[in-house]
Amino acid sequence: RNPPPTLLHPEKWCRGFNHFISQCLIKDFEKRPSVTHLLEHPFIKQVHGKDMSLQKQLAELIQEQQQQGSIAKTRHERIHTRRPYHVDGADKYSLDDDLVNLEVLDEDTIIHQLQKRYADLQIYTYVGDILIALNPFQNLSIYSPQFSKLYHGVKRSSNPPHIFASADAAYQSMVTFSKDQCIIISGESGAGKTESAHLIVQHLTFLGKANNRALREKILQVNPLVEAFGNACTAINDNSSRFGKYLEMMFTPTGAVMGAKISEYLLEKSRVIKQAVGEKNFHIFYYIYAGLYHQKKLSEYRLPDKKPPRYIDNETGRVMHDIVTKDSYGRQFEAIQHCFRIIGFTDEEVYSVYRILTGILNTGNIEFAAISSQHQTDKSEVPNPEALDNAAALLSIGSEELQEALTSHCVVTRGETIIRTNTVDKAADVRDAMSKALYGRLFSWIVNRINTLLQPDKNICNAENGMNVGILDIFGFENFARNSFEQLCINIANEQIQFYFNQHIFALEQMEYQSEGIDATTVEYDDNRPLLDMFLQKPMGLLSLLDEESRFPQATDLTLVDKFEDNLRCKYFWRPKGAELSFGIQHYAGKVLYDASAFLEKNRDTLPAENKLLQQLFSSPLTKTGNLAQARARVTAASRSLPPQLSAGRIKVDTMEVMRHPEETTNMKRQTMASYFR
């Protein structure tokens, strides 16, 4: 047809056009060309100013192709899985996928709908912006890279509900609107929150693909490492989070992952020294014991191979048998070593961590006996020095110093220092307080070290210029046969999350309707603000009353419950008859009965403030939430590593010029668990 010289050869023209379109459709923000680059594309440059002639000839070309019958059919791919997770074509989305589409929205209808979907292993269901995830208690093959690709930058209605879709929505909103995002995971203990957090991190890491594969690997190792130290087996959950965790994944302005930061709150330190019947200590103690046993290193870390240390012994008498025979403990120990290595901990740092953990186990075995003398009846000593010597050696301190620290304390009056002896019970309390504090500070140090190793590379992008997606995974609502101070804290935290949900789903939405003049029926919902006030307000809230009673040396758990009853006169609080140390709370999730035994002791969480040795062991300041302050320090070359260097006979504290942490509290003398918690 003698095409005019301005038109490209049809095949070359189509190839150029296809290449241009493929460039426009790249989903990876790091690799997608900018508009400026696209305008420089050879196809655009060659067709510039020839729109009309090209349009006409393109129409003729299409007509010619149709006559020849060579129109290419689009191929629809299907992902095959072993389960009824239908991912095949345009009819993937069902009205049942979102409960908002139900005509009747009452509890029975919602439960029936969820149960019907659960029977088909459809564990995810939307309610508007919220994703309901039901724990399947089995491994489902719906988290592979194929599924990650499926939930990448597509409309939510394109696929069945999935946790990857929630992660993708947060990621796309962050990149599109240049705004930080937050994913909150809420639910009762054992509902699957921790596993859901893992899956969100997995998908965000996939979406934020950076060229730095090592960084992606490090981020994926963070949760398993922190959970080994912060999770434990409870009566209803084999892998229960015993702390609150907020993980921030940091991205460049174009959406590439560049770092991560983890914050930890309210570790249940009391678990280190005592566990309820049917429960266990933190996972790491069993992992390290099994690992050292199989490496034949128990004697190096002063651990017995027959009778387990007191802190991990239990009523079954099977602890050592499980440590020796359970393959899972050994495998987990290897996995933890792998995590340390991948994230970037040095061998020396890991060795220090093991020494502190085994030092804590040996500390728990120190026993005291009373000494009666002519002048004193309240003096104690350590009759068998083996555990004392073991703990002192592992913590790199002198045995005599440690014994003195545990069996005596200083009182300063009118400028005069008087050394007083501790009774057997008081010495045991100091021993346990030291073990809890050591573990809590070790946990905080590990978290701070992870943050140092995963902070963004300033050469790539400054953290201030980036954006983040935060993932909140806290301990779930708990109601056991016996509920103590730990359950109260956990359940107040869940009340706060419930309030946050109510604010965002109801209150703020309705305010927006009103501000836009939209006539909408006001939705009635249970506002738990009055209950939160009962817990948190000053000076007459439950936590304030607890702190006030904790300051009186003569106070008992009974006087505490009396004080609650006298002051908390509202429908949410009651005191059952015939149970002196019990009180009940009407939570949003139901009634819970609490046993106030040891409430005051757990809240005080005290270490002898005047003890020189313990001051040295615990010299770094804490933040307002009770964590080890991450020193913003100018580190000298000699002090690259942050933990105390465990050397012969003495703890060397790193030589740092430490600046005050912005969250650091200046009043450390009277801090309580309740004040940290608030």
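How many salt bridges does the count come to by the distance rule? A salt bridge is defined here as a side-chain nitrogen of Lys or Arg within 4 Å of a carboxyl oxygen of Asp or Glu. By this rule the count comes to 21 salt bridges.

## Basis of the report

This is a predicted model, in which local features need pLDDT of at least 70 and side-chain atom pairs count only at pLDDT 80 or more, while totals for chains, interfaces and linings use all residues. Residues are numbered from 1 along each chain as its sequence is written, and side-chain values use heavy atoms, with hydrogens and water left out.

Helices (H or I, at least four residues) and strands (E, at least two) are DSSP runs, numbered from the N terminus. A residue is called buried under 20% relative accessible area, exposed over 50%, and partly exposed in between (1.4 Å probe, protein chains only).

## The sheet of β13, β14 and β15

Strands of a sheet pair through backbone hydrogen bonds, either parallel or antiparallel. Two strands are taken to pair if DSSP finds at least two bridges between them. Three strands form an open sheet in the order β13-β14-β15, with antiparallel pairing. Its edge strands are β13 and β15, each of which pairs on one side only.

Between β13 and β14 there are two bridges, in the antiparallel sense; phenylalanine 573 has isoleucine 585 in β14 as its bridge partner. Strand β14 (residues 582-587) pairs with strand β15 (residues 590-595) over six bridges, also in the antiparallel sense. Here serine 582 stands opposite aspartate 595 in β15. The two strands form a hairpin with two residues between them.

Arginine 482 is partly exposed, with a relative accessible area of 46%.

A second pair is formed by the side chains of arginine 575 and aspartate 562, which meet in a salt bridge of 2.7 Å, N to O. Aspartate 562 is partly exposed, at 31% relative accessible area.

## Further salt bridges

The side chains of glutamate 548 and lysine 563 meet in a salt bridge of 2.5 Å, N to O. Because glutamate 548 belongs to helix α20 (residues 542-550) and lysine 563 to helix α21 (residues 557-567), the pair ties together parts 15 residues apart in sequence. Glutamate 548 is partly exposed at 30% relative accessibility, whereas lysine 563 is buried, with a relative accessible area of 14%.

Why is strand β6 described as largely enclosed by the rest of the structure? Seven of the eight residues of β6 (residues 244-251) are buried, so the strand is largely enclosed.

Strand β6 is joined to strand β7 (residues 257-265) by eight bridges, and the two run antiparallel. Within this pairing, glutamate 248 has lysine 261 in β7 as its bridge partner. The two strands form a hairpin with five residues between them, and glycine 255 in the turn has a positive phi of about 100°. Strand β6 also pairs with β12 in the antiparallel sense, over seven bridges. In that pairing, the bridge partner of phenylalanine 251 is methionine 467 in β12.

Isoleucine 356 lies in helix α14 (residues 347-363). This residue is buried, with a relative accessible area of 10%. Isoleucine 356 and leucine 438 are 82 residues apart in sequence and 7.9 Å apart in space, C-alpha to C-alpha.

## Surface patches

Patches are made of residues with over 30% relative accessible area and no salt bridge; like charges are joined within 9 Å, and nonpolar side chains (Val, Leu, Ile, Met, Phe, Trp, Tyr) within 5 Å. Accessible areas come from the Shrake-Rupley method with a 1.4 Å probe; for residues, only the protein chains shown count as cover. Phe17, Ile21 and Leu25 make a nonpolar surface patch of about 270 Å². Isoleucine 21 is placed in helix α1 (residues 10-24) and is partly exposed, at 32% relative accessibility.

A negative surface patch is formed by Asp129, Glu509, Glu512 and Glu516. The place of a charge is taken as NZ of Lys, CZ of Arg, CG of Asp or CD of Glu. Glutamate 512 lies in helix α18 (residues 485-515) and is partly exposed, at 43% relative accessibility.

Notes:
Lys, Arg positive; Asp, Glu negative; His and termini not counted.
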